[in-house]
Amino acid sequence: MNANVTVHIQESDFDIAREMAALTTGRVDVGAVVSFTGICRGREDGAAIAALTLEHYPGMAEAEIARHADTAMSRWPLSGIRVVHRVGRIAPGENIVLVLTASQHRQAAFEAAEFMMDYLKANAPFWKRVEGADGANWIEARDHDDAAAARWTKS
């Protein structure tokens, strides 16, 4: 894993300002940081939900996300990437994921953040279950997430 890539998977919430400081403090090679925070919605496919539960294989998920972040580091002129992804039971309004990408210039940071989120949404090794009025249901992969991730594939 690249020394400028950090991946954390945790049950507890994260502090965006603390994560940003960890990425940028003491760095003079950073001119732009793009952040994306995914938040648990209160509705899924039009129905109210009580919570989203995310499961993963510890160790494997971190390694796969880090591998993809390393790809981003080699594809764009980045100073660093931080990914914090929660697992466990997450209530509507709570944070799910944070992606921070740092670069000397904004375009690379924006593109890399989008690349990372498209990967996380379509291919990261997480299993999602939604609790609603009709019980708990596993969420299947969605075609639009796969299409978004596919646009980054080099031909």
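Visitor: Which residue stands opposite V83 in β5?
Guide: That's V7, which stands opposite V83 in β5. Keep in mind that this is a predicted model.

Visitor: Okay, and how do β1 and β5 run, parallel or antiparallel?
Guide: Parallel: strand β1, residues 5–10, is joined to β5 by six bridges.

Visitor: Is β5 mostly covered or mostly open?
Guide: Mostly covered. Strand β5 spans residues 78–86, and nine of its nine residues are buried.

Visitor: What about β5 and β7, how many bridges there?
Guide: Seven, and this time the pairing is antiparallel, with β7 covering residues 95–103. One example is V84, whose bridge partner in β7 is L98.

Visitor: Switching to β4. Which residue is the bridge partner of T53 in β8?
Guide: R129 is the partner in β8. Seven bridges join β4 to β8, and the two strands run antiparallel.

Visitor: And what does T53 stand opposite in β6?
Guide: There, T53 stands opposite R89. Strand β6, residues 88–90, runs antiparallel to β4 and is joined to β4 by three bridges.

Visitor: Where does β3 come in?
Guide: Strand β3, residues 43–44, pairs with β4 in the antiparallel sense over two bridges. E44 has A47 in β4 as its bridge partner. The two strands form a hairpin with two residues between them, and D45 in the turn has a positive phi of about 55°.

Visitor: New topic: aromatic pairs. How many are there?
Guide: The count comes to two. Take Y57 and W127: their ring centres are 5.2 Å apart and their planes sit at 80°, so the pair is edge-to-face.

Visitor: Which parts does that pair tie together?
Guide: Y57 is in the loop between β4 (47–56) and α2 (60–75), while W127 is in strand β8 (residues 126–132), so the pair ties together parts that are 70 residues apart in sequence.

Visitor: Is Y57 buried or exposed?
Guide: Exposed, because its relative accessibility is 51%. W127 has 37%, so W127 counts as partly exposed.

Visitor: Which residues form the nonpolar patch on the surface?
Guide: Y57, M60, W127 and W138, with about 460 Å² of accessible area together. W138 lies in strand β9, residues 135–138, and counts as partly exposed because its relative accessibility is 46%.

Visitor: Last one: what span should helix α3 have?
Guide: With 17 residues (106–122) at 1.5 Å a residue, α3 should span 24 Å; its end C-alpha atoms are 24 Å apart, so that agrees.

Visitor: And which of its residues are buried?
Guide: Among them are A108, A112, F115, M116, Y119 and L120.

How values were computed:
Residues numbered from 1 in each chain as written. Predicted model: local features only at pLDDT ≥ 70, side-chain atom pairs only at ≥ 80, totals over all residues. Heavy atoms only, no water. Patch = residues over 30% accessible without salt bridge, like charges linked within 9 Å, V, L, I, M, F, W, Y side chains within 5 Å. Areas by Shrake-Rupley, 256 points an atom, 1.4 Å probe, with all protein chains shown as cover. Salt bridge = Lys/Arg side-chain N within 4 Å of Asp/Glu carboxyl O. Helix = DSSP H or I, 4+ residues; strand = E, 2+ residues; numbered from the N terminus. Buried < 20%, exposed > 50% of the residue type's maximum accessible area, 1.4 Å probe, protein only. Phe/Tyr/Trp six-rings, centres within 6.5 Å; stacked < 30°, edge-to-face > 60°. Pairing = 2+ DSSP bridges. Expected span 1.5 Å × (residues − 1).
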